[in-house]
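Reader: Hello! Could you take me through the surroundings of the ligand in this model, one step at a time?

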Amino acid sequence: MPITLTPFGNSFAAEITGINIQRGITSEQFSQIHKAFLKHKILVFRKQPLNDEAHQNFGTLFGELDGHINKSTRHKQLPSVQIFSNVKANGETTGIHPEKGTQVWHTDKSYTATPSLTTILRSPEIAKIGGDTLFANMTSAYETLPNEVKTTIQSLFAVHDWARSREKSNERPATPEELRAAPPVQHPIVRTHPETGQKALYIGNHSSHIVDMERSEGEAMLADLEAHATRPDLIYRHKWQVDDVLMWDNRCTMHCVEPYDAAKEKRSVHRVVVKGDSPY
Ligand code: OGA
Ligand code: MN
């Protein structure tokens, strides 16, 4: 089956066909997927009814897997697989969103020294209303900044902090174990992509303030940059179908999930994260 690529608006995100992930990926297919991933930042594979082992094996092709800091949503047998679901074993809804931190703009695991390269998410169960996932193109966000802003932020670092991020998204406080596992880290606000060399804004909900800047001033600057980055023309909205597989480049995108009614709608996504390098 030949591989085809159909880009969405602005070439930000593309649908890729001709791949059967469950069956396994050849090295030739892998190099085509990798090239498309770097070009489009988000790849959508439709109609991929995977099991968790195949999902995990697919992730391993891109690098070392990284389990989620929140152990309560880890797959019991496969700890590299995370399940965000509001559906109980008896089929009823829990009424609670599984992770409210995903509802605000963020880039995965930026609160660690080596944040995620890619997240690969699949959708066994989707919400009928709400639950779209939105993505912001952080390369375009950087490129469309006024030159004086680019100059101002060029050498700034932000503090990324799991505990503060939980507070901002109204989630339960970080546990003592999580605090030990994820002390605050610093990353450049302008990140150079290690594979394409392109500059991107690197911010989001895990970033709390700016190093060597008055706290409220840094918070305001981060909020302004986020408002710029999430302008409608820089966004891709993913409308889920059952058994989509979506992979995104966390080094040059942000994402968030739109709220849905966690009592009425059933939504389950399974997730594998590949560890990246230290941002520079
Ligand atoms: C994630 C995430 C959003 C979603 O898995 O990192 O933010 O659509 N998920 O569930
Ligand atoms: Mn996320």
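Author: Happy to. Please keep in mind that the model is predicted.

Let's begin with the polar contacts. Asp 108 places a polar side-chain atom 3.0 Å from an oxygen atom of ligand 1. For His 255, an N or O atom of the side chain is 3.0 Å from an oxygen atom of the ligand. Arg 267 has a polar side-chain atom 2.8 Å from an oxygen atom of ligand 1. As for cover, ligand 1 has 290 Å² of accessible area on its own, and the protein covers 99% of that.

Now the whole shell. Besides Asp 108, His 255 and Arg 267, the residues around ligand 1 are Phe 84, Thr 102, His 106, Leu 121, Thr 133, Trp 248, Val 257, Val 269 and Arg 271. By class, the shell holds 5 nonpolar, 4 polar and 3 charged residues. Two strands, S14 (253–257) and S15 (268–275), each contribute at least two residues to this shell.

Strand S14 leads us on to a sheet. The sheet is open, has 3 strands in the order S12-S6-S14, and its pairing is antiparallel. At its edges are S12 (235–238) and S14, each of which pairs on one side only. From one strand to the next, the twist averages 20°. Strand S6 (residues 133–137) runs antiparallel to S14, and 5 bridges join the two.

Conventions: Residues are numbered from 1 along each chain as its sequence is written. Chains are lettered from A and ligands numbered from 1 in the order in which they are written. This is a predicted model: local features need pLDDT of at least 70, side-chain atom pairs count only at pLDDT 80 or more; totals for chains, interfaces and linings use all residues. Side-chain values use heavy atoms; hydrogens and water are left out. A residue is near a molecule or strand if one of its heavy atoms lies within 4 Å of it. A polar contact is a pair of N or O atoms within 3.5 Å; within protein, one must be able to donate a hydrogen and the other to accept it, and residues adjacent in sequence count only if both atoms are side-chain atoms. Accessible areas come from the Shrake-Rupley method with a 1.4 Å probe; for residues, only the protein chains shown count as cover. Helices (H or I, at least four residues) and strands (E, at least two) are DSSP runs, numbered from the N terminus. Ala, Val, Leu, Ile, Met, Phe, Trp, Tyr, Cys and Pro count as nonpolar, Asp, Glu, Lys and Arg as charged, and the others, Gly among them, as polar. Two strands pair if DSSP finds at least two bridges between them. Axes are lines fitted to C-alpha atoms, for helices over the stretch in contact, and angles run from 0 to 180 degrees between N-to-C directions.
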